[in-house]
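Please read them with the structure open.

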Amino acid sequence: MKNYWRSLDEYNNIPDNNRKEFETEHKNTVLGLFEDNVAGAKASRRDFLKLFGFSVTTAALTASCERPVHKAIPYVIQPEQIIPGMAKHYASSFFDGKDYCPVVVKTRDGRPIKIEGNKLSPLNAAGGTTARVQASVLSLYDDARYKSPLHSGDQISWEKLDSEIRMHLNKSIETEKKIVILSSTLISPSTIALIEEFKLKYSGVQWIQYDPISVSAIREAHKQAYSVGIIPFYRFDKAETIVSFGADFLGTWLSPGIFIQQYASARKLSSTKKNMVRHYQIESGLSLTGSNADHRIPVKPSQEKDILANLYLTLKGESNANGVLPNSLIDDLKKSGAKSLVVSGSNDPECQSWVIAINELLGSVGTTIHTNEGMNICGGSDAEMTDLISGMKNREISGLMFFNTNPLYDYPDQEGLREGMDQLDFSLSFSVARNETAQMTDYIVPLPHYLESWDDAELIPGHLSLTQACIQPLFNSRSFQDSLLVWMNNDINYQSYLKNFWEKNYFDGKGRFIDFWNNSLRDGVIQFENRNQGILKYAGMAIKKSGEMENKQGFELCLYESVQMGDGRHANNPWLQELPDPISKHCWENVLLISVSDAEDMQLKNGDVVAIGDSMEVPVLIQAGQAKSCVSLALGYGRTDGGKVANNLGVNGFSLIEINNGFRQNYITGVQIVPLGKNIELALTQTHNSMEGRPIVRESNLDEYLENAHAGNEMHEEVVAHSKSLYEDTEFDGFHWGLAVDLNACVGCNACVISCQAENNIPVVGKDEVRRRRIMHWIKIDRYYSEEPENPKVSYQPLMCQHCDNAPCENVCPVSATNHSSEGLNQMSYNRCIGTKYCINNCPYRTRRFNWYKYAGNDEFDYNINSDLGKMVLNPDVTVRSRGVVEKCSFCVQRIQEKKLEAKLENRPLRDGEIQPACVQSCPAGAMIFGNLKDKNSKISKMMADERNYHLLEELHTLPSVGYLTKVRNESKDNLS
């Protein structure tokens, strides 16, 4: 039997004596009156009597005081389409310059409160989202948003701003100097067309696209190979063998939301589908994608180019793999042929050229790689950014307009950029919220949030979606497109421009355009025939004979994009800051990940602070699976002017990026790491306190599963065969709700965690409370390691309340605050709970949470629910819990009741799959199924009857309503050669 472990302490059998959850260092509470340092104090009988007397007095005072009056203001004329208390849904699109997702926006009384995926899009058939898409609704209510136009820090009228910008635009024509629009990547056809019209009006205007995380080497390599600088559309669902070189396509690379769906569909097993893709990952740090791979090979990033070259020559029969790659990888690629897919996350054009050559050799182009469907994302060019800085320094550019970009935070050549900006006549920033670049510009034009905006999007040719305003602008903002129209002296607004553009370019003339437009708005997406050319002709590449594998000395620093924080543009979002990293399980800052062996050699432990280079200080975290002599640092932290949440968390890794041969590289060689002799406590969310050797994770390999469908799940049959109870079987009236999780499909992306937080008003508690193990998430993704720490296997398991039919928590509550419903739900009555925490202690799954403080309206927890603006995101269907009560997953009972009522009003039975808790609806992999266990024909009943199904700790006979399908890997039995 495999040994599973959560942390290195558990692997090394170091006891857990750090019970910080129950320390009582109180913030602004009664206990704080008695001791200066309550955390180290022991409560005496006298202290108890003091507290009791104070409590009685407080209760008497509270009873004698009036409650505050909350006034409700009625509509003077109620809008016909709004029914108070009923949600409205609008199809829209999320695109922040990098991530794209067709979405459905849920609004209550005019307030967007929840984001879901749009299943009508062929690119999003599972209807899921990523964590950052889920969290985007909170940024609508960000206190750091710009409220009005500014000039030199002072408010300015729109009329005065427009007059001055027009003056600068006209002056640029007279002086023959350029004005540059530096935007994030744009995938909006109408916006691109408008920019081209703007350039015709003002001939001195130049448009440059910029991406904080550069992948311009992919476009450059394809330009050399095919004469067209594209990023092809990758089809992971069509592959039989995937080989990824450092491309975290399930986490951050290109379009992970779409790739997760493709990957999961290729990994799922059923009674009719018995094959699954085999996945190899060659990388430096353990990524989300690498953790899901069947085979993972840790290497230094500087070795990637030589490995790719050797792989190509080996496939051609001209060389061998130099002992780095397993023989099975070569055999699988040859066997899969055109159904192979090789990708790389490197920003080195030479690496990308080798990848293209390998895929061409295998015949993958046209099968798993669609060059005729070039993705419109990541359009930035490193060469154009270099030319921009040079042009500013040479005074060839008079003005610079930043649109949704923040290069004074995330561009490595800060000195050159600032020097160039000093030579400008003016600078302007179009920005939704505070950022380092906007604060340094002459003018700030506040942008509306995407939920307040109109736009369109085309990720790949022929797949279009619309963005529609779901709420009136909260502030005095104006869209980028409307500003261009005003400066062009065009009388129409952008919404009208967008409609005219669609009528001209996409309406086929059949019927009425207004019907076409309304249908497009209703569905949010529309698909046209791809008008692009067919498969591009490969021009070949100059092959360089590979020599011996280079082994460079010293540490190599890998700079990566984290799943939760991305490139840092959402750093002021507290939901994302408190979201634990899927692998390291830390949050609220970035850390330097170091391998087990390197940490031993340097005598480092978790939290030890080291210096990188001359001045950057960062704590270390010992990470299993990290390549030896290689350390990793997440980007997106170290903000200095991003808002009260974002500022001064972690360090800015962008400042370490080097530009080699005109391309920004994501790793550095020859890095010196110096221990500083101090230690800080890290905010970690998963420790080793509840495994106790119990078989939580179950798995098998594909060949074993094909021989025996019960492989890896033999214990379930034993438990069922010997299961006896003194209790009578519970009878349910009509419904027995259950949830099943396919561990083969779950990739650990954390989208369900943020979705649950948004749906159920779960508070953010902050870094200090996370350190005390008081994080409030109702669902967590447990990560388990197996095998050796140098290169472990990884398993993920979503864990929420199991809604046990023999629930241990229900028997011990002295006030019956937790009880069982007639539909199988384990319920919490918040107004009954007195906070004994007996239920928490008696729950073997550790899924209950205790409100140690009042988190709403408390300056000690100055996050979204501490301001009137931030509270607008709260779901009115879910109670905001108070201090001293226990809370947990409810299977989104408010959604169950809503759909039951809807079916009753329509005089019909509930449809299978109609009810979807937040976690189920948001999962991009379709890994979760929810339904009625009483209906034997339902999907949930069929999954529960699957041979792979088991329940957590089922030997305890708690009878959970949550089931898990055993994880099946597709490992080759060959050893690494």
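1. Arginine 108 is buried, at a relative accessible area of 6%. Buried here means under 20% relative accessible area, exposed means over 50%, and partly exposed lies in between (1.4 Å probe, protein chains only). Arginine 108 sits in strand β3, residues 100-108. Helices (H or I, at least four residues) and strands (E, at least two) are DSSP runs, numbered from the N terminus.

2. Some ground rules. This is a predicted model, in which local features need pLDDT of at least 70 and side-chain atom pairs count only at pLDDT 80 or more, while totals for chains, interfaces and linings use all residues. Residues are numbered from 1 along each chain as its sequence is written, and side-chain values use heavy atoms, with hydrogens and water left out.

3. What does the side chain of arginine 108 meet in polar contacts? Its partner in a side-chain pair is aspartate 877, at 2.8 Å. A polar atom of the arginine 108 side chain also lies 3.3 Å from the backbone oxygen of glycine 85. A polar contact is a pair of N or O atoms within 3.5 Å; within protein, one must be able to donate a hydrogen and the other to accept it, and residues adjacent in sequence count only if both atoms are side-chain atoms. Setting aside residues up to four places away in sequence, arginine 108 touches Gly85, Met86, Ala87, Ile113, Pro876 and Asp877. Contact means heavy atoms within 4.5 Å.

4. Glutamate 699 is another buried residue, with a relative accessible area of 13%. It is found in strand β30, residues 699-701. Its side chain makes a polar contact with the side chain of tyrosine 4, at 3.2 Å. A polar contact of 3.2 Å also joins the side chains of glutamate 699 and serine 795. Leaving aside neighbours within four places in sequence, the contacts of glutamate 699 are Lys2, Tyr4, Gly712, Ser795, Thr966, Lys967 and Arg969. How far is glutamate 699 from methionine 392, C-alpha to C-alpha? The separation is 58 Å, for residues 307 apart along the chain.

5. Leucine 576 has a relative accessible area of 0% and is buried. Its helix is α18, residues 574-577. Beyond four places in sequence, leucine 576 touches Ala131, Arg132, Ala135, Gln564, Met565 and His570. The C-alpha atom of lysine 274 is 37 Å from that of leucine 576, and 302 residues separate the two along the chain.

6. Please check two loop residues. Histidine 803 has a positive phi of about 45°, although it is not a glycine. Its loop runs between β33 (793-799) and α24 (808-812). Histidine 803 counts as buried, at 1% relative accessibility. Leucine 953 also has a positive phi, of about 50°, and is not a glycine. It lies in the loop between β39 (949-950) and β40 (962-965). Leucine 953 is buried too, with a relative accessible area of 2%.

7. Helix α14 (residues 414-421) has Gln414, Gly416, Leu417, Gly420 and Met421 as its buried residues. Seen down the axis of α14, these fall within an arc of 165°, so they line one face of the helix. The arc is that of the directions from the helix axis to the C-beta atoms. The buried residues of α14 pack against α12 (382-393), β15 (397-403), α13 (407-410) and β16 (426-431).

8. Now the helix pairs. Helix α9 (residues 304-315) and helix α11 (residues 349-362) pack at about 20°, with their axes 9 Å apart. Axes are lines fitted to C-alpha atoms, for helices over the stretch in contact, and angles run from 0 to 180 degrees between N-to-C directions. α9 and α11 are therefore roughly parallel to each other. Angles under 35 degrees count as roughly parallel, over 145 as roughly antiparallel, 65 to 115 as roughly perpendicular and the rest as oblique. The contact includes Leu308, Leu311 and Leu315 of α9 and Trp354, Ile358 and Leu361 of α11.

9. Which way is α6 set against α11? The axes of helix α6 (residues 216-226) and α11 come within 8 Å and cross at roughly 55°. That makes α6 oblique to α11. Among the residues in this contact are Ala217, Ala221 and Tyr226 of α6, and Gln352, Ser353 and Ile356 of α11.
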